[in-house]
Amino acid sequence: MNFTEGKREKANIYKLSGALDLVVKSLGLTKKYYGWLVVSNWPVIAGEQIAKVSKAVSFKEGTLFIAVEDSAWRQELSMQSESIMESIRKQPYGKVVKQLRFVKGEKG
């Protein structure tokens, strides 16, 4: 393989990486897809300490549902909602989350 062949292969990889976004957009699923990206990336977005006590479990109509087993931690995370939202909004797909809802459930 010569230098130009390597460049061509790399260019095709980049084109394919945007294909999923185009398909999702064409199907009108962008908000749901972005919401689920937040759910699946919760440990990175929330940080280690919060991820130990919580788990993003679903996204529906702008609301991110976060399961927290302990009521004291639910209260604590509720008080940290603004800083959590800031972390979410730093993600390119995070703007779809409009509110957080802390629910009883298994922790992360």
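Analyst: Let's start with Glu-61, which is exposed at a relative accessible area of 74% (exposed means over 50%, buried under 20%, and partly exposed in between, with a 1.4 Å probe and protein chains only). Bear in mind that this is a predicted model, where local features need pLDDT of at least 70, side-chain atom pairs count only at pLDDT 80 or more, and totals for chains, interfaces and linings use all residues. Residues are numbered from 1 along each chain as its sequence is written, and side-chain values use heavy atoms, with hydrogens and water left out.

Glu-61 sits in the loop between strand S1 (54–60) and strand S2 (63–68); helices (H or I, at least four residues) and strands (E, at least two) are DSSP runs numbered from the N terminus. The backbone is what makes Glu-61 worth a look: its phi is near 50°, a positive value in a residue that isn't glycine. Most residues other than glycine have a negative phi.

Gly-62 is among the contacts of Val-96, as is Phe-59, where contact means heavy atoms within 4.5 Å. Val-96 belongs to the loop between H7 and strand S3 (99–104), and at 14% relative accessibility it counts as buried. With neighbours within four places in sequence left aside, Val-96 also touches Lys-31, Tyr-34 and Gly-35. Val-96 and Tyr-33 are 63 residues apart in sequence, yet their C-alphas are 9.6 Å apart.

Lys-31 turns up again in a positive surface patch, together with Arg-89, Lys-95 and Lys-98. Patches take residues with over 30% relative accessible area and no salt bridge, joining like charges within 9 Å and nonpolar side chains within 5 Å. Arg-89, in helix H7 (residues 81–89), is partly exposed at 37%. There's a nonpolar patch too: Val-23, Leu-27 and Leu-29 share about 270 Å² of accessible area (Shrake-Rupley method, 1.4 Å probe). Leu-27 is in the loop between helix H2 (19–26) and helix H3 (30–40) and is exposed at 57%.

As for charge pairing, the count comes to 1 salt bridge, meaning a side-chain nitrogen of Lys or Arg within 4 Å of a carboxyl oxygen of Asp or Glu. Lys-52 and Glu-48 form it, with the closest N and O atoms 3.6 Å apart. Both are in helix H5 (residues 48–53), 4 residues apart or about one turn, and both are exposed. Arg-74, in helix H6 (residues 71–79), is buried without a salt bridge, and the nearest side chain of opposite charge, Asp-70, is 6.8 Å away. Beyond neighbours within four places in sequence, Arg-74 contacts Val-68, Glu-69, Phe-102, Val-103 and Lys-104.

Stepping back, the chain has 7 helices and 3 strands, running α-α-α-α-α-β-β-α-α-β from the N terminus. Of its 108 residues, 30% count as buried. Among contacts between residues at least 6 apart in sequence, 57% join residues at least 24 apart. The chain exposes about 7600 Å², with carbon and sulfur atoms supplying 55% of that.

Notes:
Lys, Arg positive; Asp, Glu negative; His and termini not counted. Charge placed at Lys NZ, Arg CZ, Asp CG, Glu CD.
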